[in-house]
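The sequence and structure are shown first.

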Amino acid sequence: MRYDRKIWLVDESAPEYDETTGDYTDGAIERYYRDANVSDTGTETMNMLYGKIKQGALTVRVQNQIEMPYRYIEVDTISNKYRIDRVKHHRNEVVLFVSESQ
């Protein structure tokens with residue numbers, strides 16, 4: 001199995017209210033780079049997870065365990081956001097089932 005695609009695990013903190021200006025400041029964004037094996041999610045797995053066929057669903061395998069916090073991932077480029085629908089932890093890898101988000 002080749003881990004040849006780039007993913008970024010993204011942790012985004014909530015916006016905070018600035019009392020002096022009266023505006024909300026953007027939350028801090030931390031990105032952690034990992035190499036991953038990315039493939040389309042199979043039809044049977046999509047039916048189990050979503051109850052239907054869903055466009056833009058991917059299966060992402062990452063070697064070793066992921067120890068940093070993350071809310072969503074970005075695949076190949078920073079603009080491709082994917083929501084994490086399910087996580088499976090195995091001894092030597094983590095499998096993420098993700099779908100496209102806006």
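A residue counts as exposed when its relative accessible area is over 50%, as buried when that area is under 20%, and as partly exposed in between. The model discussed here is predicted.

**Accessibility**

D4 has a relative accessibility of 54%, and because the cut-off for exposed is over 50%, D4 counts as exposed. This residue belongs to the segment before strand 1. V38, in contrast, counts as buried, its relative accessibility being 13%.

| Residue | Relative accessible area | Class |
|---|---|---|
| D4 | 54% | exposed |
| Y33 | 42% | partly exposed |
| W8 | 17% | buried |
| V38 | 13% | buried |

**Strand 4: R34 and V38**

Strand 4 covers residues 29-40 and includes R34; V38 lies in strand 4 as well.

Which side chain of opposite charge is nearest to R34? It is that of D35, at 7.7 Å. A salt bridge requires a side-chain nitrogen of Lys or Arg within 4 Å of a carboxyl oxygen of Asp or Glu, and R34, although buried, has none. A polar atom of the R34 side chain does lie 2.6 Å from the backbone oxygen of Q63. Beyond its neighbours within four places in sequence, R34 is in contact with R5, K6, I7 and L9, and also with V62, Q63, N64, Q65, I66 and M68.

For V38, with neighbours within four places in sequence again set aside, the contacts are R5, I7, L58, T59, V60 and V75.

**Aromatic rings**

How many aromatic pairs does a search of the whole structure find? The search finds two. W8 and Y33 form a tilted pair, with 6.0 Å from centre to centre and 55° between the planes. This pair links distant parts of the chain, since W8 sits in strand 1 (residues 5-12) and Y33 in strand 4, 25 residues apart. Elsewhere, K54 lies over the face of Y50, at 4.6 Å from the ring centre.

**Separation in sequence and in space**

Two C-alpha distances complete the account. V38 and D76 are 38 residues apart along the chain, and their C-alpha atoms are separated by 9.8 Å. D4 and G27 are 23 residues apart in sequence, and the distance between their C-alpha atoms is 31 Å.

Terms used:
Residues numbered from 1 in each chain as written. Predicted model: local features only at pLDDT ≥ 70, side-chain atom pairs only at ≥ 80, totals over all residues. Heavy atoms only, no water. Helix = DSSP H or I, 4+ residues; strand = E, 2+ residues; numbered from the N terminus. Buried < 20%, exposed > 50% of the residue type's maximum accessible area, 1.4 Å probe, protein only. Lys, Arg positive; Asp, Glu negative; His and termini not counted. Polar contact = N/O pair within 3.5 Å; in protein donor to acceptor, adjacent residues only side chain to side chain. Contact = heavy atoms within 4.5 Å. Phe/Tyr/Trp six-rings, centres within 6.5 Å; stacked < 30°, edge-to-face > 60°. Lys NZ or Arg CZ within 6 Å of the ring centre and 35° of its normal.
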